[in-house]
Amino acid sequence: SMHLSEPSGPGNPEIHTVFVRKPLRVLQKETCFKTTDGVELDHAPFTLEVLDERFRNDDNKHIVISSVHFPPSSRANARDTQLKAFLADYTTKSNVRMHRPFTTQGAKDARMNEAIHLIAGDFNSYPEFENMGFSSPLLGSKISTSSGNQAYDNFLLNRDSTSRLCWCAEVLELANIKKKSEDGLSDHHPILLKIIEQSVTTRKK
């Protein structure tokens with residue numbers, strides 16, 4: 001199935017396009033144009049809740065994925081303001097993350113299963129926000145994802161999900177990447193993330 005965000009942006013409107021293959025199912029989706037405290041998001045993030053019942057552990061079956069594109073480095077102040085506001089909203093406002101708990105403790109308090117929270121896309125910077133409950137970016141700060149050799153594209157996960165799953169992130173380098181004076185498919189390389197379920201430890205008595 002194909003899922004499109006609502007158009008947004010300064011300049012030509014852009015959309016996020018998500019392709020989902022069976023047996024995965026999209027349960028709900030939403031385009032976020034501004035944060036709850038009124039910060040306008042130039043390129044509105046697109047968030048979906050996906051159900052993957054192939055996972056054995058119920059805490060891994062609900063995956064909330066947000067596709068993002070923040071302002072360029074030439075507008076660093078706007079980029080940083082919008083990125084921090086969106087992530088702060090995500091961690092504190094349940095409606096922004098499809099009402100799925102963000103932490104293990106939050107799941108216990110709500111008497112719900114945990115979920116995987118994944119924010120991915122073009123941050124136009126290296127997104128370090130571990131102090132907000134996220135893991136370190138899965139692609140390192142020296143991993144280039146663009147024709148300008150910048151670490152702009154990445155994956156952020158809620159930290160609690162990284163303790164029970166294995167992750168494999170990589171950059172699929174294009175042979176014909178677009179450069180300033182040359183044609184090409186894109187000026188960014190695609191990035192790939194594999195989620196691997198493993199057996200987990202049992203709590204000691």
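Me: Which residue forms a salt bridge with Asp58, and how far apart are the closest N and O atoms?

Reply: The partner of Asp58 is Lys61, and the closest N and O atoms are 3.0 Å apart. A salt bridge here is a side-chain nitrogen of Lys or Arg within 4 Å of a carboxyl oxygen of Asp or Glu. Please note that this is a predicted model, in which local features need pLDDT of at least 70 and side-chain atom pairs count only at pLDDT 80 or more, while totals for chains, interfaces and linings use all residues. Residues are numbered from 1 along each chain as its sequence is written, and side-chain values use heavy atoms, with hydrogens and water left out.

Me: Is Lys61 buried or exposed?

Reply: Lys61 is buried, at 18% relative accessible area, whereas Asp58 is partly exposed at 38%. Buried means under 20% relative accessible area, exposed over 50%, and partly exposed in between, with a 1.4 Å probe and protein chains only.

Me: How many salt bridges are found in the whole structure?

Reply: The search finds seven. One of them joins the side chains of Arg54 and Asp52, at 2.9 Å from N to O. Arg54 is exposed at 56% relative accessible area, while Asp52 is buried at 6%.

Me: And what does Glu197 pair with?

Reply: Glu197 forms a salt bridge with Arg56, the closest N and O atoms being 3.9 Å apart. Glu197 lies in strand 9 (residues 191-197) and Arg56 in the loop between strand 4 (46-51) and strand 5, so the pair ties together parts that are 141 residues apart in sequence. Helices (H or I, at least four residues) and strands (E, at least two) are DSSP runs, numbered from the N terminus. Glu197 counts as buried at 15% relative accessibility, and Arg56 counts as exposed at 58%.

Me: Changing topic: how many residues does the largest nonpolar core have?

Reply: It has 17 residues, and those with the most contacts inside it are Phe86, Leu87, Tyr90, Ile119, Phe123 and Phe134. Such a core is a set of buried Ala, Val, Leu, Ile, Met, Phe, Trp, Tyr and Cys residues joined through side-chain atoms within 4.5 Å. Strand 5 (62-69) and helix 1 (76-92) are the elements that give two or more residues to this core. Helix 1 contributes the largest share, four residues.

Me: What is Leu87 in contact with, leaving aside its neighbours within four places in sequence?

Reply: Leu87 is in contact, meaning heavy atoms within 4.5 Å, with Ile119, Phe129, Met132, Phe134 and Leu156. There is also a second, separate core of 11 residues, which includes Phe55, Ala120, Phe155 and Leu157.

Me: What about the backbone: which residues does a cis peptide bond join?

Reply: It joins Lys22 and Pro23, with omega about 10 degrees. Pro23 lies in the loop between strand 2 (17-19) and strand 3 (25-31).

Me: What is phi of Arg111?

Reply: Phi of Arg111 is near 55 degrees, a positive value in a residue other than glycine. Asn124 also has phi near 55 degrees. Arg111, in the loop between helix 2 (104-110) and strand 6 (116-122), is exposed at 80% relative accessibility. Asn124, in the loop between strand 6 and strand 7 (153-157), is buried at 7%.

Me: How many disulfides does the structure hold?

Reply: It holds zero, a disulfide being a pair of cysteine sulfur atoms within 2.5 Å. For Cys166, the nearest cysteine sulfur is that of Cys168, 10.0 Å away. Cys166 is partly exposed, at 33% relative accessible area.

Me: Last topic: which residues make a nonpolar surface patch of about 430 Å²?

Reply: Met2, Leu4, Ile15 and Phe19 make that patch. Patches are made of residues with over 30% relative accessible area and no salt bridge; like charges are joined within 9 Å, and nonpolar side chains (Val, Leu, Ile, Met, Phe, Trp, Tyr) within 5 Å. Accessible areas come from the Shrake-Rupley method with a 1.4 Å probe, and for residues only the protein chains shown count as cover. Phe19 is in strand 2 and counts as exposed at 63% relative accessibility.
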